[in-house]
Structures are given as structure tokens and as C-alpha cells.
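I opened a new notebook page for this structure. The entries below follow the order in which I looked things up.

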Amino acid sequence: FASDDEGLDWTNARIEVVELASGERHEVLRGGYYPRYVSSGHILYANGDSLFAVPFDLGRLETTGPPFRVLSGLASNSAVGTAQFSLADDGTMLYLPGLDSNSTFRMRLIVNDREGAPATVGSDFSGGDVSGAFGGVGGLILQPSLSPDGRLLAYVVSQSGGDGDVW
């Protein structure tokens, strides 16, 4: 999880892990938010409009190498510590390209497999192109989340920056 004492700018937040048995917290690194552990043995996290990875030993609860940039141009919001990406257990990553912003922005959905090639997720996706995949749903597409098997996609559609509906 990410924690930040100031709460206004998550770019310097702490990424931490907790030992469930003892409740003891361990700082993994500073300078990121929206962390996700992935089966490759890495923690993915956002900072600004970039997605980073750091090798992580789950048994020792510590990093085993330096962080590295996975991609630039990730839609995120460092003011609230959120980022628009999701991963399936098979390594398929889905993300919304964009900038670090807390204002309204236009997005298109990108689906890539573990090697970075356009992937097919369900019958509505063709090589990562999702034009027409949402059945005419209007509004901002936010918070994409893939099921663990990579076959189902859930996302929020927000109308004019108001409340959103999960699809």
C-alpha cells in the first residue's frame, strides 16, 4: 500500500508492506503510489505519468534491485494517488494512456500482453483496439480492471465528471 502524511502530492509517498501476523509495517521505497504486486516478483507503481517496477522478494519483504521505468504516458492522478492500470495473472496489462492530472482528460484504452504486444481480451477487443467495444457508452472510462484470468474487463464510466457506473 501507499501512505502519505501530507495527502496533497503522492509523488513522494511511501510504498509499504505489512506482516499480517504481527501488523509490522516495512517501507519498501519512497516516491510512488498505487502499488501492485505481480507474479513475476515485482511491485508495479506509478509516479507522475510513468509506471515503474521494482524487483521484490515476497519472503523477505524487501526489494532485490533498483526500480525501472516500464512505460511513460500513464493516466494517473498524483493529487489523490491513483493510476489507471490493471494486470491479469497471465501478465496481460491494461492501461489508459494519458498524463498525471487531476482534471478531466480524454483517454483511450490499451491492452498489451506480457511482451508488450497488442492483446485480445474478449471478442470486443481486436489487437488492442477498443473502438466500438463499449457499445456506445458515453463518458470518461476510468479504473479499468482485468479479471485474474484476463478474460473479463470491468471499468467505470463517469458522465461529466459526476458519479460513475461500473460496467
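**Entry 1: terms and ground rules.** Before listing any pairing, I noted that two strands pair if DSSP finds at least two bridges between them. Helices (H or I, at least four residues) and strands (E, at least two) are DSSP runs, numbered from the N terminus. The model is predicted, so local features need pLDDT of at least 70 and side-chain atom pairs count only at pLDDT 80 or more, while totals for chains, interfaces and linings use all residues. Residues are numbered from 1 along each chain as its sequence is written, and side-chain values use heavy atoms, with hydrogens and water left out.

**Entry 2: the chain as a whole.** I looked up the elements and found 0 helices and 16 strands in the protein chain. The chain has 167 residues, and 44% of them count as buried. Buried means under 20% relative accessible area, exposed over 50%, and partly exposed in between (1.4 Å probe, protein chains only). The protein chain exposes about 9,100 Å², of which carbon and sulfur atoms supply 49%. Accessible areas come from the Shrake-Rupley method with a 1.4 Å probe; for residues, only the protein chains shown count as cover. I then turned to contacts, meaning heavy atoms within 4.5 Å. Among contacts between residues at least 6 apart in sequence, 33% join residues at least 24 apart.

**Entry 3: confidence.** I read the pLDDT, the predictor's confidence in each residue, from 0 to 100. Its mean over the protein chain is 76, and 68% of the residues reach 70 or more. Over residues 103-107 the pLDDT is below 50, and this stretch has 8 contacts in the model beyond near neighbours in sequence. Residues 120-136 also stay under 50. For residues 120-136 the model has 26 contacts beyond four places in sequence. Which elements have the lowest and the highest mean pLDDT? Strand S13 (residues 110-112) is the lowest at 64, and strand S6 (residues 50-57) the highest at 96.

**Entry 4: S2 and S3.** S2 runs antiparallel to strand S3 (residues 25-30), and 5 bridges join them. Arg 14 stands opposite Arg 30 in S3. The two strands form a hairpin with 6 residues between them, and Gly 23 in the turn has a positive phi of about 80 degrees.

Entry 5: I traced strand S4 (residues 33-38) to strand S5 (residues 42-47); they run antiparallel and are joined by 4 bridges. Here Arg 36 stands opposite Leu 44 in S5. Their hairpin has 3 residues between the strands, with Gly 41 at a positive phi near 90 degrees. S5 also pairs with S6, in the antiparallel sense, over 6 bridges. The bridge partner of Asn 47 is Ser 50 in S6. This hairpin has 2 residues between the strands, and Gly 48 takes a positive phi near 65 degrees.

**Entry 6: salt bridges.** I counted a salt bridge where a side-chain nitrogen of Lys or Arg lies within 4 Å of a carboxyl oxygen of Asp or Glu. The count comes to 4 salt bridges. Arg 60 forms one with Asp 57, the closest N and O atoms being 3.7 Å apart. Arg 60 forms another with Glu 62, where the closest N and O atoms are 2.8 Å apart. Glu 62 counts as partly exposed because its relative accessibility is 36%. Salt bridges that share partners join Arg 14, Glu 16 and Arg 25 into one network. Within it, the closest N and O atoms of Arg 14 and Glu 16 are 3.6 Å apart. Are Arg 14 and Glu 16 buried or exposed? Arg 14 is buried because its relative accessible area is 13%, and Glu 16 is buried because its value is 7%.

**Entry 7: a surface patch.** I noted that Phe 1, Val 18 and Leu 20 form a nonpolar patch on the surface, with about 330 Å² of accessible area together. Patches are made of residues with over 30% relative accessible area and no salt bridge: like charges are joined within 9 Å, nonpolar side chains (Val, Leu, Ile, Met, Phe, Trp, Tyr) within 5 Å. Val 18 is partly exposed, since its relative accessible area is 35%.

**Entry 8: Phe 68.** I ended on Phe 68, found in strand S8 (residues 68-72). Phe 68 counts as partly exposed because its relative accessibility is 40%. Leaving out residues up to four places away in sequence, Phe 68 touches His 42, Leu 51, Phe 52, Ala 53 and Pro 55. Phe 68 and Pro 55 are 13 residues apart in sequence and 9.1 Å apart in space, C-alpha to C-alpha.
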